[in-house]
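Here are my notes on the model, kept to a few points. Please read them with the structure open.

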Amino acid sequence: MTQTSNHDAVAESPALADAAVPSRRELNKAATRSSIASAALDLLRSNGSGNFTVEDIAASAGVSRRTFFNYFPSLEAALASVADGFMDHALEQFRLRPAEESILESARAALMALADPMSVAPMAELFSLTQDNRSLARSELEAWEHCTGQIIDAARSRLGEGISELYLHALAGSVISCGKAAMTVWFAERGPDLSAESLAILRQHLIDAMGLLGAGFAPPSDVSAPQSPASAAPSVPTTKDRF
């Protein structure tokens, strides 16, 4: 009996094919959400923190105040959403990785696949703008929390519904902590520099941080050194939920 591939099944099922393609309404909603987020970031750049309101954002985006709150619960949430694009692209690459690959190997490979350093620009700019004004810390916190939720969902999808919630949250928390460390070091080195060269450094810091996590935070001099069988750590039973 010949099995039908997933691709063939979708092609043969108009209902499934239609479900995979965003509707015009979904596209319009995504465009509105993006427009509001962009307007919020533009006002933050031009006016500075505390010098614009939800009403200002709505007017700049060409929507009503009510429409704003249909998409975002607060001004801070709208600003935080500017980081969504980077995470969406990274998770898209993550899902393309082999299912048998470890989570952290897939995460590092996904970051490496984002070759254009400008892909990290919105997240880097939000981080930069919130460093000088801690009243905007909530925006940064919301962005990280959203990223954490997306990582948990992606890992659960890879590993199955039976995976430990403690494992998922510890994994996501570790990945996010590495991301924060990479951005903190980058900002200390480059400040608010958003040039392509500076963003390429940030991208590499993110990749290297995932490598450190995957290596168990061995001392830097030992990270790339091959481990001899005699000095190797005791083997750990292989399970499908390992990093």
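How many disulfides does the count come to by the rule used here?

1. The count comes to zero disulfides, a disulfide being a pair of cysteine sulfur atoms within 2.5 Å. This is a predicted model, in which local features need pLDDT of at least 70 and side-chain atom pairs count only at pLDDT 80 or more, while totals for chains, interfaces and linings use all residues. Residues are numbered from 1 along each chain as its sequence is written, and side-chain values use heavy atoms, without hydrogens and water.

2. C147 counts as buried because its relative accessibility is 3%, where buried means under 20% relative accessible area (1.4 Å probe, protein chains only). C178, at 6%, is buried.

3. Helix α7 (residues 84-95) packs on helix α8 (residues 103-113) at about 120°, with the axes 8 Å apart. α7 is therefore oblique to α8 (angles run from 0 to 180 degrees between N-to-C directions; under 35 is roughly parallel, over 145 roughly antiparallel, 65 to 115 roughly perpendicular, and the rest oblique). Helices here are DSSP runs (H or I) of at least four residues, numbered from the N terminus.

4. On the α7 side, F86, A90, Q93 and F94 meet I103, S106, A107, A110, L111 and A113 of α8, contact meaning heavy atoms within 4.5 Å. The residues of this contact divide into eight nonpolar, two polar and no charged.

5. The buried residues of α8 are I103, L104, S106, A107, A109, A110 and L111. They pack against α7, α10 (137-159), α11 (165-190) and α12 (196-214).

Key: Buried means under 20% relative accessible area, exposed over 50%, partly exposed in between (1.4 Å probe, protein chains only). Helices (H or I, at least four residues) and strands (E, at least two) are DSSP runs, numbered from the N terminus. Ala, Val, Leu, Ile, Met, Phe, Trp, Tyr, Cys and Pro count as nonpolar, Asp, Glu, Lys and Arg as charged, and the others, Gly among them, as polar.
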